[in-house]
Amino acid sequence: MLEGELVRLRALEPEDAERLHPWTHDAEVGRWMINEHPLSLAQVRKRCEERALNTYEKVVLGIEAKAERKLIGVIDLRDAEPEHGEAELDVYIGDAEFRGGGYGTEALRLMCRYGFNAMRLHQITLWVVAENEAARHVYRKIGFVEEGRHRESFIDADGERHDMILMSMLKGELK
């Protein structure tokens, strides 16, 4: 378990399905994510029950608000390659009550610190939709830098295309 002042990062449990399910239908959560078809609670439960073990290649953790002991989001490091010391990061705060309160920022710092120290990564990358300025601001604040743009590569729920921004952070750049 990784802990900060506001959040605790912990392994996801099968009983987390009830918290995760409403987020799969939340337009704000899904706005800048690659969306799947709608999932039933039974499908989310099955995914939670059959979730693969966390390994070097993919570590998925729940973001829990410490004071409330409540799951509020998910963060992962995936596609980790020990030969290159690189991994890709994904994060979202699913619970609207906890957006904009520093929870996501702290979760990102904890996960990046875990990646650089425990996993011995040299670089962590992420992709973000260009119009998602709130996320880009947080990423820059903790040390990510913009490296490039993949033009019109993201299609939103309305079928509109958006540019994706590649951002990365090297070991030693975490703020």
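**Close-up 1. The aromatic pair of F98 and Y103 in the predicted model.** Both F98 and Y103 are buried, a term that means under 20% relative accessible area, whereas exposed means over 50% and partly exposed lies in between (1.4 Å probe, protein chains only). F98 and Y103 form an edge-to-face aromatic pair, with 5.0 Å from centre to centre and 90° between the planes. Rings of Phe, Tyr and Trp (for Trp, its six-membered ring) pair if their centres lie within 6.5 Å, and planes under 30 degrees apart count as stacked, over 60 as edge-to-face and the rest as tilted. This is a predicted model, in which local features need pLDDT of at least 70 and side-chain atom pairs count only at pLDDT 80 or more, while totals for chains, interfaces and linings use all residues. Residues are numbered from 1 along each chain as its sequence is written, and side-chain values use heavy atoms, with hydrogens and water left out.

**Close-up 2. The aromatic pair of W23 and Y92.** By the pairing rule, the count comes to 3 aromatic pairs. One of them joins W23 and Y92, whose ring centres are 6.1 Å apart and whose planes stand at 90°, so the pair is edge-to-face. The pair links distant parts of the chain, since W23 lies in helix α1 (residues 17–23) and Y92 in strand β5 (residues 86–93), 69 residues apart. Helices (H or I, at least four residues) and strands (E, at least two) are DSSP runs, numbered from the N terminus. W23 has a relative accessible area of 7% and is therefore buried, while Y92, at 22% relative accessibility, counts as partly exposed.

**Close-up 3. The contact of helices α4 and α5.** The axes of helix α4 (residues 103–117) and helix α5 (residues 133–142) come within 10 Å and cross at roughly 45°, the axes being lines fitted to C-alpha atoms over the stretch in contact, with angles from 0 to 180 degrees between N-to-C directions. The two helices, α4 and α5, are therefore oblique to each other, given that angles under 35 degrees count as roughly parallel, over 145 as roughly antiparallel, 65 to 115 as roughly perpendicular and the rest as oblique. On the α4 side, T105, L108, R109 and C112 meet V138, Y139, K141 and I142 of α5, where contact means heavy atoms within 4.5 Å. The residues of this contact between α4 and α5 divide into 5 nonpolar, 1 polar and 2 charged; Ala, Val, Leu, Ile, Met, Phe, Trp, Tyr, Cys and Pro count as nonpolar, Asp, Glu, Lys and Arg as charged, and the others, Gly among them, as polar.

**Close-up 4. E88 and its surroundings.** E88 is found in strand β5 and, at 16% relative accessibility, counts as buried. Leaving aside neighbours within four places in sequence, E88 is in contact with D76, L77, R78, T125, L126 and W127.

**Close-up 5. Two loop residues with positive phi.** Most residues other than glycine have a negative phi. R69, although not a glycine, has a positive phi of about 50°; R69 is placed in the loop between β3 and β4 and is exposed, with a relative accessible area of 62%. R120, also a residue other than glycine, has a positive phi near 60°. The place of R120 is in the loop between α4 and β6 (123–129), and R120 is exposed, with a relative accessible area of 70%.
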